[in-house]
Amino acid sequence: MMKGSDLLVAALENEGVERIFAVPGEENLDVLESLHGSKIELIVTRHEQAAAFMAATYGRLTGTPGVCLSTLGPGALNFSTAAAYALLGAMPMVMITGQKGVLTSKQARFQIVDVVSSMTPLTKMARQIISTATIPTIVREAFRVAQQERPGPVHLELPEDIAHEEALEIALVPPHPIDFPVAHPAALERAAAMILEAERPLIMLGAAASRPRLADTLSEFVRRVGIPFFNTQMGKGSVAGGSNLYMGTAALSERDYVHKAVDRADLIICIGHDTVEKPPFIMGPGGPQVIHVGYVPATVEEVYFPHAEVIGDVGPSLALLADRLAGKLKSASALLPLREQIFARLTDRATESRFPLTPQRIVHDVRKVMPEDGIVCLDNGMYKIWFARNYRTRVANTLLLDNALATMGAGLPSAMMASILYPERRVLAVCGDGGFMMNSQEMETAVRLGLDLVVLIVQDNAYGMIRWKQGIDEFADWGLTFGNPDFVKYAAAYGAKGSRVETADGLVPALEAAFKGGGLHLVTVPVDYTENSRVLVEELRQAVPALV
Ligand SMILES: Cc1ncc(C[n+]2csc(CCOP(=O)(O)OP(=O)(O)O)c2C)c(N)n1
Ligand SMILES: [Mg+2]
């Protein structure tokens, strides 16, 4: 006999699902049994949040939805933060949660909350399955919606009685490839005319520029037109940062060195900008002309209101735009001379032997041990700004950070996902001592899965970023410090390895040894965060106008 859960699992197999991240509850037991007989691997995590962060990262890195599973109420609600992470970050994901039976009410209201309603504002689509007959189409629709631009999370609730109910063998809906429309010729002409007029053009690569399928065509566009580019935090790496047209990353909204180029530009081509990110620059009256190139139209904001739009499949649309521009631009590289000055400022103090280490030194040393295709996954904290500004990427999606929900706790799970997908590449999670502890229980999952993964804990015994803001806003330094476990012993308790950086020159060898040793390894490094105010407030306040 086939039951609802068998049909669900068959529909997931039909979508090419390889693994499901889960903390199952009793309402999922039919689904679990159906998974038992399937090709899909079940990966149990130690918190639903981690399961969903991993599923979302799978979607982010592959372009196809990652899948996670939880029980009703308490488990489902633990998906909320990761649902928002995938929604703001445009990561395709399908979340499946259980529910008490809907046809009878044997346990009254025990554990029941309206999960579908709670998921509605956090997803592109949230639905309860109320009949086995609809499972094939609902699942197909869920994957289509999750994956379609702009990608994001979808939630399906499968009540236990529907999962258990006998189902007819209903045909599954086969997925087919979708080719997006390419930008309209009129839009391309209009944009090309504006770009050909520009005297000091600049390209900005935003979050959607990091879509996995776009890496090659984007680099090709930049190479063909020869216009210098900068990127947002989430657009980082979408074009080889080793390129001699890279001008920097906008980790702050204004007044950083890269803004010297932004402020001088008379036209900015924003490719894939998504205003979920902290503004990479602020539009105002009298600023540069802005052209938005994207899969979806720009959202108009107080700080972002493009003058023209090129909407459609970004890769082929850019190729058509390049055909209209290549060889015809009068001053494509007008802003390029600013590049060296910007970089000279960024490398300041990157090799200083101060202990605890400067954030610049940490970024510099991490870059040294990471091969070009190595993947760094950041949690959220002060060090994120330093990595966004100073870490140079040469391969797409090699610096994964969240500048959209900017939640703490996703650093380790996202790195675990990267490590599962790319076992042959070096993967490093960089976390604060605050963010790491929010999901540190997943060390057990990482050890159980036998992942090769290094976690760098940037230690200041505080919620450093908030402490920094507290200082800038001239509040008293109060209430934001905490103690930490002995991270070396903590790692050992999980069957992982741990080490401590105890000298300024100790970070590179500690990371090298950790990678060479294999398995899960925690490295803690103490950080000197006095640089936060010295550079990101005082120096930028004075020095940027002085850049020529
Ligand atoms: C889940 C969550 N809670 C709170 C915040 C607000 N927040 C942003 S950064 C930060 C401090 C991070 O501390 P830590 O991880 O130690 O990094 P540090 O800034 O000290 O380097 C906090 C509390 C957040 N972004 N996400
Ligand atoms: Mg900290």
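Predicted model: local features only at pLDDT ≥ 70, side-chain atom pairs only at ≥ 80, totals over all residues.
**Stop 1: the whole chain**

Zoom out first. The chain has 548 residues and a radius of gyration of 24 Å, which agrees with the value near 24 Å for a compact globule of that length. Now colour by burial. Buried residues make up 58% of the 548.

**Stop 2: strand E3**

Select residues 66-70. This is strand E3, and five of its five residues are buried, so the strand is largely enclosed by the rest of the structure. Show the side chains. Which residues point which way from E3? Gly-66, Cys-68 and Ser-70 point one way, while Val-67 and Leu-69 point the other way. Residues on both sides are buried.

Select residues 19-23 for strand E1, which pairs with E3 in the parallel sense over four bridges. Pick Ile-20 and look across to E3: its bridge partner there is Val-67. Then select residues 93-99 for strand E4. E4 and E3 are also parallel, with five bridges between them. Here Leu-69 has Ile-96 of E4 as its bridge partner.

**Stop 3: a nonpolar patch**

Switch to a surface view. Select Val-102, Leu-103 and Ile-130. Together they make a nonpolar surface patch of about 290 Å². Focus on Ile-130. You will find Ile-130 in the loop between strand E5 (125-128) and helix H7 (135-147). Is Ile-130 buried or exposed? Its relative accessible area is 57%, so Ile-130 is exposed; the cut-off for exposed is over 50%.

**Stop 4: two cis peptide bonds**

Most peptide bonds are trans. Select Glu-149 and Arg-150. The bond from Glu-149 to Arg-150 is cis, with omega near -15°. Arg-150 sits in the loop between H7 and strand E6 (153-159).

Now move along to Phe-355 and Pro-356. A cis peptide bond joins this pair too, and omega is about -5°. Look for Pro-356 in the loop between helix H13 (339-346) and helix H14 (359-369).

**Stop 5: an open sheet**

Select strands E13 to E18. In what order do the six strands of this open sheet stand? The order is E14-E13-E15-E16-E18-E17, and the pairing is parallel. Strand E14 (399-400) and strand E17 (497-500) are at the edges with a single partner strand each, so one side of each has no neighbour in the sheet.

Strand E13 (residues 375-378) pairs with E14 over two bridges, in the parallel sense. Pick Val-376: its bridge partner in E14 is Leu-399.

**Stop 6: helix H15**

Select residues 382-390. This is helix H15, which is mostly covered, with nine of its nine residues buried. Among the buried residues are Tyr-383, Trp-386 and Phe-387. Lys-384 and Arg-389 are buried as well.

**Stop 7: the magnesium ion**

Select ligand 2. Which residues coordinate this magnesium ion? They are Asp-433 (OD), Asp-460 (OD) and Ala-462 (O), at 2.1 to 2.2 Å. Along the chain, the donors follow the spacing D-x26-D-x1-A.

Asp-460 has a relative accessible area of 18%, so it is buried; the cut-off for buried is under 20%. Ala-462 is buried too, with a value of 3%.

Now pick Asn-461. Asn-461 is partly exposed, at a relative accessible area of 32%. This residue lies in the loop between strand E16 (453-459) and helix H19 (464-472).

**Stop 8**

Most residues other than glycine have a negative phi. Stay on Asn-461: phi is positive there, at about 50°, although the residue is not a glycine.

Finish at Glu-474. Its phi is also positive, near 65°. Glu-474 belongs to the loop between H19 and helix H20 (487-493). With 72% relative accessibility, Glu-474 counts as exposed.

Definitions and conventions. Residues numbered from 1 in each chain as written. Chains lettered and ligands numbered in written order. Heavy atoms only, no water. Buried < 20%, exposed > 50% of the residue type's maximum accessible area, 1.4 Å probe, protein only. Pairing = 2+ DSSP bridges. Donors = N, O, S within 2.8 Å, 3.2 Å for Na, K, Ca; no water. Patch = residues over 30% accessible without salt bridge, like charges linked within 9 Å, V, L, I, M, F, W, Y side chains within 5 Å. Areas by Shrake-Rupley, 256 points an atom, 1.4 Å probe, with all protein chains shown as cover. Salt bridge = Lys/Arg side-chain N within 4 Å of Asp/Glu carboxyl O. Rg over C-alpha atoms; globule rule 2.2 N^0.38 Å.
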